[in-house]
Amino acid sequence: MTAFQEYFDDSHQLVRDSVRRFVEREVLPHIADWEEAEAFPRELYLKAGAAGILGIGYPEQYGGSHEGDLFAKVAASEELMRSGSGGLVAGLGSLDIGLPPVLKWARPEVRERVVPQVLAGEKIMALAVTEPSGGSDVANLKTRAVRDGDFYRVTGSKTFITSGVRADYYTVAVRTGGEGFGGVSLLLIEKGTPGFTVGRSLKKMGWWASDTAELFFDDCKVPVGNLIGMENMGFACIMANFQSERLSLALMANMTSQMALEESLNWAKQREAFGKPIGKFQVLKHRLAEMATQLEVSRDFTYRQAAKMAAGKSVIKEISMAKNFATDVSDRITNDAVQMLGGMGYMRESLVERLYRDNRILSIGGGSREIMNEIISKQMGL
């Protein structure tokens, strides 16, 4: 039994087919231009919403489908990566890190107003945790929210925020209490709120098609009703959210590896040197075998953790392992793919060139490799 047969059923194949057709129709004809423009049209959110893609994994009452079916989400995520653009996937999928806290812990009136708009693609959602003073040290974030009657007054800044330029809603981590993790809360802050400004679109090594921004809060008045969850309990919400984000990044890494391997195999069969296809040379043949082996192990391990998550089991240690292993594998496979294609692998017209660039963020985002090792070692009792 293959990993696909073990974890995916006929309904998941229907999801996969639907998303694949969407990518082929709406994305692939334009993705090279969008990459060079460092943006994709806002209308794509509406199209993805109308196609039901944004709602996969969310409750039907808000316009979603396949609620609780994690592997439907996995199938959709993998097919979106077939766009060959990690930036597009990150931008289009920013709701999946910004919206879950709203869905789980926001007040009903906030949830009922915000969630349907985002799933329909009418509004864009972002998560704002990272600050200029430190990305991984979430427990010591500096953005301050002070209660003032029916409002919080928010002062501080965020950076590296995916979809930060054009988002309409932001799930923002703030400090409402004392130092450390016990003083952190989450607020829903809407674009246009007085005192809230969006900075420049940041230039990046990869993920060109996604917008990434700085955010500034200068005595920004946010209604108390926009508090997500309990005051000073935001750190636990953020950590719970990170588990799904780390699964998503592992899946992205595995699909990056898959596409880089496919490009390498095609090149090895077609490119000739010294009178024969280069895939006939033992050194390259063995390299391809090693690439395929590492990918197979990484993908199966990631699927196993997804299955445990779907069953409600805690995989704090294992999902950190999966993210590290998957990104280590994608580091090697994208590097080997560029090397195998030689000069063509260095050209921007080559898919492997983009995969190589986009891959670099995967071991940084959602908790760096070093932070993952800290989590793993703590779970081991060290």
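A salt bridge is a side-chain nitrogen of Lys or Arg within 4 Å of a carboxyl oxygen of Asp or Glu. The model is a predicted one, in which local features need pLDDT of at least 70, side-chain atom pairs count only at pLDDT 80 or more, and totals for chains, interfaces and linings use all residues. Residues are numbered from 1 along each chain as its sequence is written, and side-chain values use heavy atoms, with hydrogens and water left out.

Across the whole structure, 22 salt bridges are found. One of them joins the side chains of arginine 42 and aspartate 168, with an N to O distance of 2.5 Å. Arginine 42 is in the loop between α3 and α4 (43–50), and aspartate 168 is in the loop between β3 and β4 (169–175), so this pair ties together parts 126 residues apart in sequence. Helices (H or I, at least four residues) and strands (E, at least two) are DSSP runs, numbered from the N terminus. For accessibility, buried means under 20% relative accessible area, exposed over 50%, and partly exposed in between, with a 1.4 Å probe and protein chains only. Arginine 42 is partly exposed at 31% relative accessibility, whereas aspartate 168 is buried at 15%.

Another salt bridge links glutamate 214 with arginine 200, whose closest N and O atoms are 3.6 Å apart. Glutamate 214 belongs to strand β7 (residues 212–223) and arginine 200 to strand β6 (residues 196–201), so the pair ties together parts 14 residues apart in sequence. Arginine 200 is exposed, its relative accessible area being 55%.

A further pair sits within one helix. Arginine 299 and glutamate 296 form a salt bridge at 3.3 Å, N to O; both are in helix α10 (residues 282–310), three residues apart, about one turn of the helix. Arginine 299 is buried, with a relative accessible area of 13%, while glutamate 296 is partly exposed at 43%.

What is the nearest side chain of opposite charge to arginine 246, which is buried yet has no salt bridge? The answer is glutamate 245, at 6.5 Å. In this count Lys and Arg are positive and Asp and Glu negative, with His and the chain ends not counted. Arginine 246 is part of helix α9 (residues 234–270). Contact means heavy atoms within 4.5 Å. Apart from neighbours within four places in sequence, arginine 246 is in contact with Ile319, Lys323, Gly366, Gly367, Met372 and Ile375.

On a 1 Å grid over the protein atoms alone, a cavity is a set of points where a 1.4 Å probe fits but cannot get out, and a pocket is an open set with protein on both sides within 12 Å along at least five of seven lines; lining residues have an atom within 4 Å of a point. Grid points are joined across faces, edges and corners, and a volume is the space filled by probe spheres set on the points.

The second largest pocket has a volume of about 250 Å³. It is lined by 18 residues, of which Gly84, Glu349, Ser350, Leu351 and Arg354 are the closest to its centre. The elements giving two or more residues to this lining are α3 (31–37), α9 and α12 (351–359), and α12 gives the most, with four. The lining of the second largest pocket divides into five nonpolar, three polar and ten charged residues. Here Ala, Val, Leu, Ile, Met, Phe, Trp, Tyr, Cys and Pro count as nonpolar, Asp, Glu, Lys and Arg as charged, and the others, Gly among them, as polar.

The structure has two cavities of 30 Å³ or more, and the largest cavity has a volume of about 50 Å³. Residues lining the largest cavity include Gly84, Trp207, Met252 and Arg354. The largest share of that lining, four residues, comes from α12. By type, the lining of the largest cavity comprises five nonpolar, five polar and two charged residues.

Strand β3 (residues 151–162) contains glycine 156, which is partly exposed at a relative accessible area of 25%. Leaving aside neighbours within four places in sequence, glycine 156 is in contact with Thr143, Leu215, Phe216 and Phe217. Phenylalanine 160 is also placed in strand β3; its phi is near 60°, a positive value in a residue other than glycine.
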